[in-house]
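Reader: I want a close look at one part of this model. Keep it to helix packing, please.

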Amino acid sequence: MMNDNGHPLDRRRLLAGAAAASAVTLTGLAVTTTTGAAAATRTRTGTPPAARDRIATAALRAPDGAARAVGIQADFHARLTAWLAFWSANSPRAWSTPAHLVARVEPAGDALVLHAIRYRRDDELRDGFAAARRDATHLATLASLHHHFPSVRARPDGTVRVGDGPAGFTGASDQVAFAVAACRELWGDPAATAGRWQESAGRALARAGQPTDAASHVGWAAFTRISLRRGLGTESYE
(Lines give C-alpha, C1' and ligand atoms only; values in the text may rest on other atoms or scores of the structure.)
Protein backbone atom coordinates (compact mmCIF):
# COMPACT_ATOMS: atom_id res chain seq x y z
CA MET A 1 0.00 0.00 0.00
CA MET A 2 1.04 3.60 -0.49
CA ASN A 3 2.60 5.03 2.66
CA ASP A 4 2.52 8.60 3.98
CA ASN A 5 5.05 9.67 1.38
CA GLY A 6 2.62 8.92 -1.47
CA HIS A 7 1.89 11.73 -3.89
CA PRO A 8 -1.06 13.02 -5.91
CA LEU A 9 -0.52 12.88 -9.66
CA ASP A 10 -1.72 16.45 -10.23
CA ARG A 11 1.37 17.78 -8.44
CA ARG A 12 3.43 16.39 -11.33
CA ARG A 13 1.32 17.74 -14.20
CA LEU A 14 4.10 19.42 -16.13
CA LEU A 15 6.50 16.51 -15.79
CA ALA A 16 3.80 13.96 -16.50
CA GLY A 17 3.00 15.78 -19.72
CA ALA A 18 6.65 15.75 -20.70
CA ALA A 19 6.89 12.06 -19.89
CA ALA A 20 3.82 11.25 -21.98
CA ALA A 21 5.21 13.15 -24.94
CA SER A 22 8.55 11.42 -24.61
CA ALA A 23 6.87 8.03 -24.28
CA VAL A 24 5.18 8.55 -27.63
CA THR A 25 8.51 9.51 -29.17
CA LEU A 26 10.27 6.49 -27.73
CA THR A 27 7.66 3.80 -28.35
CA GLY A 28 9.08 2.96 -31.73
CA LEU A 29 12.57 2.70 -30.26
CA ALA A 30 11.79 0.22 -27.48
CA VAL A 31 14.07 -2.53 -28.79
CA THR A 32 15.94 -4.59 -26.24
CA THR A 33 18.71 -5.95 -28.43
CA THR A 34 22.19 -4.50 -28.70
CA THR A 35 21.64 -4.41 -32.48
CA GLY A 36 18.78 -1.97 -31.95
CA ALA A 37 20.96 0.24 -29.78
CA ALA A 38 23.72 0.21 -32.38
CA ALA A 39 21.24 1.15 -35.10
CA ALA A 40 20.04 4.08 -33.02
CA THR A 41 23.64 5.21 -32.62
CA ARG A 42 24.26 4.98 -36.36
CA THR A 43 21.17 7.09 -37.06
CA ARG A 44 22.67 9.91 -34.99
CA THR A 45 26.01 9.88 -36.77
CA GLY A 46 26.83 13.34 -38.09
CA THR A 47 23.94 15.02 -36.24
CA PRO A 48 25.29 17.82 -34.04
CA PRO A 49 23.95 17.92 -30.47
CA ALA A 50 21.56 20.78 -29.70
CA ALA A 51 22.37 23.21 -26.88
CA ARG A 52 20.24 22.52 -23.81
CA ASP A 53 20.18 24.16 -20.39
CA ARG A 54 17.32 22.13 -18.88
CA ILE A 55 15.99 18.62 -18.53
CA ALA A 56 12.22 18.93 -18.01
CA THR A 57 11.79 21.30 -15.02
CA ALA A 58 15.40 20.95 -13.86
CA ALA A 59 18.11 23.43 -14.73
CA LEU A 60 21.36 21.76 -15.75
CA ARG A 61 24.31 22.47 -13.49
CA ALA A 62 27.90 21.42 -14.04
CA PRO A 63 29.65 19.62 -11.14
CA ASP A 64 31.47 22.88 -10.38
CA GLY A 65 28.12 24.65 -10.00
CA ALA A 66 28.24 26.53 -13.29
CA ALA A 67 25.01 27.02 -15.23
CA ARG A 68 25.73 26.59 -18.91
CA ALA A 69 24.03 25.12 -21.96
CA VAL A 70 25.51 21.82 -23.16
CA GLY A 71 25.10 19.85 -26.37
CA ILE A 72 22.72 16.88 -26.05
CA GLN A 73 21.41 14.64 -28.82
CA ALA A 74 17.65 15.05 -29.35
CA ASP A 75 16.67 11.45 -28.63
CA PHE A 76 18.87 11.34 -25.52
CA HIS A 77 17.29 14.55 -24.27
CA ALA A 78 13.82 13.03 -24.80
CA ARG A 79 14.79 9.94 -22.80
CA LEU A 80 16.31 12.05 -20.04
CA THR A 81 13.09 14.08 -19.86
CA ALA A 82 10.99 10.92 -19.57
CA TRP A 83 13.37 9.50 -16.95
CA LEU A 84 13.35 12.61 -14.75
CA ALA A 85 9.55 12.79 -14.94
CA PHE A 86 9.41 9.13 -13.86
CA TRP A 87 11.84 9.68 -10.97
CA SER A 88 9.91 12.75 -9.80
CA ALA A 89 6.48 11.14 -10.09
CA ASN A 90 7.66 8.43 -7.70
CA SER A 91 9.36 10.73 -5.20
CA PRO A 92 7.90 11.70 -1.79
CA ARG A 93 5.05 14.20 -1.61
CA ALA A 94 7.17 16.73 0.30
CA TRP A 95 9.66 16.99 -2.55
CA SER A 96 9.12 19.56 -5.27
CA THR A 97 9.71 18.68 -8.90
CA PRO A 98 13.48 18.57 -9.58
CA ALA A 99 15.08 22.02 -9.60
CA HIS A 100 18.67 21.14 -10.55
CA LEU A 101 20.23 18.23 -12.37
CA VAL A 102 23.96 18.23 -11.62
CA ALA A 103 25.74 16.34 -14.36
CA ARG A 104 28.55 16.34 -16.88
CA VAL A 105 27.47 15.65 -20.47
CA GLU A 106 30.03 13.93 -22.69
CA PRO A 107 31.12 15.68 -25.90
CA ALA A 108 29.09 13.51 -28.29
CA GLY A 109 25.93 14.47 -26.41
CA ASP A 110 24.71 10.88 -25.97
CA ALA A 111 25.97 10.12 -22.44
CA LEU A 112 26.19 11.91 -19.12
CA VAL A 113 27.67 11.42 -15.67
CA LEU A 114 25.09 12.14 -12.96
CA HIS A 115 26.22 13.81 -9.73
CA ALA A 116 23.03 15.00 -8.05
CA ILE A 117 19.30 15.67 -8.37
CA ARG A 118 18.09 18.60 -6.28
CA TYR A 119 14.58 19.62 -5.26
CA ARG A 120 13.20 22.46 -3.12
CA ARG A 121 11.73 22.02 0.33
CA ASP A 122 11.09 24.82 2.81
CA ASP A 123 12.71 27.20 0.33
CA GLU A 124 15.97 25.26 0.43
CA LEU A 125 17.67 23.13 -2.20
CA ARG A 126 18.11 19.54 -1.05
CA ASP A 127 19.60 16.46 -2.64
CA GLY A 128 17.15 13.75 -3.63
CA PHE A 129 20.13 11.92 -5.08
CA ALA A 130 23.76 12.63 -4.27
CA ALA A 131 26.64 10.63 -5.70
CA ALA A 132 28.57 10.46 -2.43
CA ARG A 133 25.56 9.31 -0.41
CA ARG A 134 25.31 5.54 -0.74
CA ASP A 135 21.84 4.91 0.64
CA ALA A 136 18.46 3.68 -0.53
CA THR A 137 17.93 6.80 -2.66
CA HIS A 138 21.12 5.96 -4.56
CA LEU A 139 19.84 2.49 -5.45
CA ALA A 140 16.40 3.91 -6.20
CA THR A 141 17.87 6.38 -8.68
CA LEU A 142 19.90 3.59 -10.29
CA ALA A 143 16.63 1.68 -10.64
CA SER A 144 14.98 4.63 -12.39
CA LEU A 145 17.90 4.93 -14.80
CA HIS A 146 17.94 1.21 -15.57
CA HIS A 147 14.21 1.55 -16.30
CA HIS A 148 14.95 4.03 -19.10
CA PHE A 149 18.46 3.25 -20.40
CA PRO A 150 20.42 0.13 -21.39
CA SER A 151 23.80 1.43 -20.19
CA VAL A 152 23.96 2.54 -16.55
CA ARG A 153 27.22 2.26 -14.63
CA ALA A 154 27.74 3.20 -10.99
CA ARG A 155 31.31 4.42 -10.68
CA PRO A 156 33.58 4.08 -7.61
CA ASP A 157 32.95 7.70 -6.54
CA GLY A 158 29.17 7.15 -6.60
CA THR A 159 28.54 9.09 -9.78
CA VAL A 160 26.55 7.27 -12.45
CA ARG A 161 27.39 7.16 -16.15
CA VAL A 162 24.33 6.84 -18.39
CA GLY A 163 24.54 6.04 -22.10
CA ASP A 164 21.74 6.56 -24.61
CA GLY A 165 19.85 3.71 -26.22
CA PRO A 166 16.57 1.79 -26.06
CA ALA A 167 15.69 0.52 -22.60
CA GLY A 168 15.52 -3.17 -21.73
CA PHE A 169 17.33 -6.02 -20.04
CA THR A 170 20.41 -7.15 -21.97
CA GLY A 171 22.19 -9.21 -19.31
CA ALA A 172 24.99 -6.65 -19.04
CA SER A 173 27.16 -7.00 -15.95
CA ASP A 174 26.12 -3.55 -14.69
CA GLN A 175 22.45 -4.55 -14.85
CA VAL A 176 23.09 -7.78 -12.96
CA ALA A 177 25.21 -5.98 -10.34
CA PHE A 178 22.40 -3.48 -9.78
CA ALA A 179 19.79 -6.25 -9.49
CA VAL A 180 21.87 -8.11 -6.90
CA ALA A 181 22.40 -4.93 -4.83
CA ALA A 182 18.71 -4.00 -5.06
CA CYS A 183 17.57 -7.46 -3.97
CA ARG A 184 19.95 -7.46 -1.02
CA GLU A 185 19.73 -3.87 0.16
CA LEU A 186 16.23 -2.74 -0.84
CA TRP A 187 14.37 -6.04 -0.64
CA GLY A 188 16.32 -7.63 2.23
CA ASP A 189 17.19 -10.83 0.37
CA PRO A 190 20.76 -11.91 1.24
CA ALA A 191 20.44 -14.95 -1.04
CA ALA A 192 20.74 -12.75 -4.14
CA THR A 193 23.84 -13.50 -6.22
CA ALA A 194 24.88 -12.92 -9.81
CA GLY A 195 23.78 -16.46 -10.60
CA ARG A 196 20.51 -16.42 -8.67
CA TRP A 197 19.32 -12.83 -8.79
CA GLN A 198 16.29 -13.70 -10.96
CA GLU A 199 14.87 -15.85 -8.15
CA SER A 200 15.34 -13.01 -5.65
CA ALA A 201 13.89 -10.42 -8.01
CA GLY A 202 11.00 -12.76 -8.72
CA ARG A 203 10.21 -12.87 -5.01
CA ALA A 204 10.21 -9.07 -4.88
CA LEU A 205 7.89 -8.89 -7.89
CA ALA A 206 5.53 -11.45 -6.38
CA ARG A 207 5.52 -9.45 -3.15
CA ALA A 208 4.49 -6.39 -5.16
CA GLY A 209 1.69 -8.34 -6.85
CA GLN A 210 3.49 -8.43 -10.21
CA PRO A 211 4.79 -12.01 -10.62
CA THR A 212 6.86 -12.26 -13.79
CA ASP A 213 10.37 -13.04 -15.00
CA ALA A 214 12.61 -10.11 -14.05
CA ALA A 215 14.86 -10.80 -17.04
CA SER A 216 12.02 -10.25 -19.52
CA HIS A 217 11.29 -6.85 -21.01
CA VAL A 218 8.11 -6.44 -18.94
CA GLY A 219 9.69 -7.97 -15.83
CA TRP A 220 12.76 -5.71 -15.93
CA ALA A 221 10.55 -2.64 -16.27
CA ALA A 222 8.43 -3.81 -13.33
CA PHE A 223 11.41 -4.69 -11.12
CA THR A 224 13.12 -1.35 -11.68
CA ARG A 225 9.84 0.49 -11.08
CA ILE A 226 9.07 -1.17 -7.74
CA SER A 227 12.70 -0.80 -6.64
CA LEU A 228 12.54 2.94 -7.36
CA ARG A 229 9.39 3.28 -5.26
CA ARG A 230 10.74 1.20 -2.39
CA GLY A 231 14.07 3.02 -2.38
CA LEU A 232 12.47 6.48 -2.31
CA GLY A 233 10.00 5.35 0.35
CA THR A 234 6.80 5.98 -1.61
CA GLU A 235 5.72 2.33 -1.56
CA SER A 236 6.62 -0.35 0.96
CA TYR A 237 4.95 -3.43 -0.58
CA GLU A 238 4.49 -4.84 2.92
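Where α5 passes α6, is the crossing left-handed or right-handed?

Author: α5 passes α6 in a left-handed crossing. That term means that the near helix is turned anticlockwise from the far one by less than a right angle; clockwise would be right-handed. Some ground rules come next. The model is predicted, so local features need pLDDT of at least 70 and side-chain atom pairs pLDDT 80 or more, while totals for chains, interfaces and linings use all residues. Numbering starts from 1 along each chain as its sequence is written, and side-chain values use heavy atoms, without hydrogens and water.

Now the geometry. Two packed helices are described by the angle between their axes and the distance between the axes. Helix α6 covers residues 197–207, and its axis comes within 9 Å of that of α5, crossing at roughly 50°. That makes α5 oblique to α6 (under 35 degrees is roughly parallel, over 145 roughly antiparallel, 65 to 115 roughly perpendicular, the rest oblique). Axes are lines fitted to C-alpha atoms over the stretch in contact, with angles from 0 to 180 degrees between N-to-C directions. Helices are DSSP runs of H or I with at least four residues, numbered from the N terminus.

Who touches whom? α5 brings Val176, Ala179, Val180 and Cys183; α6 brings Trp197, Ser200 and Ala201 (contact means heavy atoms within 4.5 Å). Ala, Val, Leu, Ile, Met, Phe, Trp, Tyr, Cys and Pro count as nonpolar; Asp, Glu, Lys and Arg as charged; the others, Gly among them, as polar.

α5 (residues 173–186) also meets α7 (residues 217–232): their axes come within 11 Å and cross at roughly 45°. The pair is therefore oblique. This crossing is left-handed. In α5 the contact includes Phe178 and Leu186; in α7, Trp220, Phe223 and Arg230 are among the partners. These contact residues divide into 7 nonpolar, 4 polar and 1 charged.

Follow Phe223. Leaving aside residues up to four places away in sequence, Phe223 touches Phe178, Ala179, Ala182, Cys183, Trp187, Ala201, Ala204 and Leu205. Phe223 is also among the residues with the most contacts inside the largest nonpolar core, along with Trp83, Leu101, Leu114 and Trp197; that core has 52 residues. α5 gives the most to this core, with 8 residues. Such a core joins buried Ala, Val, Leu, Ile, Met, Phe, Trp, Tyr and Cys residues through side-chain atoms within 4.5 Å. Buried means under 20% relative accessible area, exposed over 50%, partly exposed in between, with a 1.4 Å probe and protein chains only.

Terms used
Helices (H or I, at least four residues) and strands (E, at least two) are DSSP runs, numbered from the N terminus.
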